[in-house]
Amino acid sequence: MASNDMEEDDFGFSRNYFLAKELRNSGKKSARKVSDINLVDEQELREAYANIDEKHEKEISNLVHSYKDSYKEWVFVLRCGFGLLMYGFGSKKALIEDFASTTLRDYSVIVINGYLQSVNLKQAVATLAELLWDQLKMLQKNTLGKHPENKQPFNTRSMDDLISFLDGPHLGSDECFVCIIVNNIDGPGLRDSETQQYLARIAGCSHIRMVASIDHVNAPLLWDKKMVQTQFNWYWFHVPTYAPYKVEGMFFPLILAHSGSAQNVKTASIVLQSLTPNAQSVFKVLANHQLSHPDEEGMPFNNLYTICRERFIVSSQITLNAHLTEFKDHELVKNKRNSDGEDCLYIPLTSEALEKLVKEMS
């Protein structure tokens with residue numbers, strides 16, 4: 001009797017299960033779409049985010065300042081051939097760049113921002129090679145009294161050739177190296193496997209020292225054992241800052257917002273504030289030219305270089321190219337050909353917006 005009851009219960013359970021499946025499949029599907037959601041304008045949402053009061057500013061400032069005591073140790077670690085990897089909660093951009101500007105003055109330094117949606121790694125490596133070449137020329141001039149010959153421009157060389165040059169043996173160049181700062185090496189602009197392989201090869205070059213930061217909990221999964229131990233050769237430092245990700249967050253699309261039709265002035269202003277005074281001055285020269293010559297298609301590179309050189313903003317085309325690469329990575333400046341076929345630079349903002357931006361910078 002008990003056995004029959006169990007069989008009936010099992011049958012009832014099975015029957016109800018298939019009935020429920022049948023009813024679910026026969027029901028009407030919802031016609032609602034994600035696109036039907038009334039999203040707030042991106043500029044309004046970003047302005048609301050920017051107006052949120054920061055908390056514990058004094059404590060955060062004291063914490064970040066306390067890391068200055070470690071700067072000498074970090075330089076020693078770099079000179080020993082290790083790469084510095086900074087991890088911990090909070091933005092480490094200001095901390096790393098302060099370390100570079102105050103402690104690495106004797107070395108050439110370039111900055112790559114991995115939090116951007118795309119990064120021109122080839123251009124960055126070409127700049128590294130040019131900076132190392134300048135050091136080698138100065139060294140050989142002082143020791144041998146002559147300049148070494150360079151047959152091919154670096155910007156026309158392949159990535160493999162550039163890495164070979166950075167890693168190659170150069171006479172009397174044991175103390176020559178270039179530092180590369182990578183903010184958010186786990187960011188969207190650098191996260192793919194091929195880019196990480198190139199970064200590892202670059203970090204493993206004898207004339208390169210790398211300082212990088214990570215923020216994603218799974219960032220170490222980007223690397224295999226060889227990359228970590230023999231190429232990057234990381235020396236890990238736990239440096240939580242608890243500082244807000246203001247600059248980094250500007251380049252991530254907001255889920256609850258729809259994008260505006262043009263780049264807004266607020267975004268450009270925040271980006272420019274994070275750049276060096278010289279970079280800001282270069283941008284002002286280009287902006288003022290664009291405002292005073294609205295009918296022109298852009299400003300030729302040579303004209304920009306001449307003005308910046310006369311005003312002692314830059315000392316070489318390499319420095320100007322480094323600033324322009326940063327502008328282009330942030331989409332503040334773009335290239336286009338004029339009617340004469342000459343490459344020109346322009347800022348993709350309306351005259352009204354550009355005037356407002358220049359006033360904010362002043």
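Mentor: Tyrosine 87 lies in strand β2, which covers residues 83-87; helices (H or I, at least four residues) and strands (E, at least two) are DSSP runs, numbered from the N terminus. This is a predicted model, in which local features need pLDDT of at least 70 and side-chain atom pairs count only at pLDDT 80 or more, while totals for chains, interfaces and linings use all residues. Residues are numbered from 1 along each chain as its sequence is written, and side-chain values use heavy atoms, with hydrogens and water left out.

With a relative accessibility of 30%, tyrosine 87 counts as partly exposed; buried means under 20% relative accessible area, exposed over 50%, and partly exposed in between (1.4 Å probe, protein chains only). Histidine 238 is 151 residues away along the chain, yet its C-alpha atom is separated from that of tyrosine 87 by 5.2 Å. If residues up to four places away in sequence are not counted, tyrosine 87 touches Lys92, Ile214, Trp236, Phe237, His238, Val239 and Pro240, a contact being heavy atoms within 4.5 Å.

The side chain of lysine 92 meets that of aspartate 215 in a salt bridge, at 2.8 Å from N to O; the term requires a side-chain nitrogen of Lys or Arg within 4 Å of a carboxyl oxygen of Asp or Glu. This pair links distant parts of the chain, 123 residues apart: lysine 92 is in the loop between β2 and α5 (93-103), and aspartate 215 is in the loop between β5 (208-213) and α9 (225-232). Lysine 92 counts as buried because its relative accessibility is 1%, whereas aspartate 215, at 28%, counts as partly exposed.

The structure holds seven salt bridges. Among them is the pair of arginine 201 and aspartate 160, with the closest N and O atoms 3.1 Å apart. Arginine 201 belongs to helix α8 (residues 193-203) and aspartate 160 to helix α7 (residues 159-167), so this bridge ties together parts 41 residues apart in sequence. Arginine 201 is partly exposed, with a relative accessible area of 32%, and aspartate 160 is also partly exposed, at 40%. Another bridge joins aspartate 343 to arginine 337, where the closest N and O atoms are 3.7 Å apart. Here aspartate 343 is partly exposed at 40% relative accessibility, while arginine 337 is exposed at 56%.
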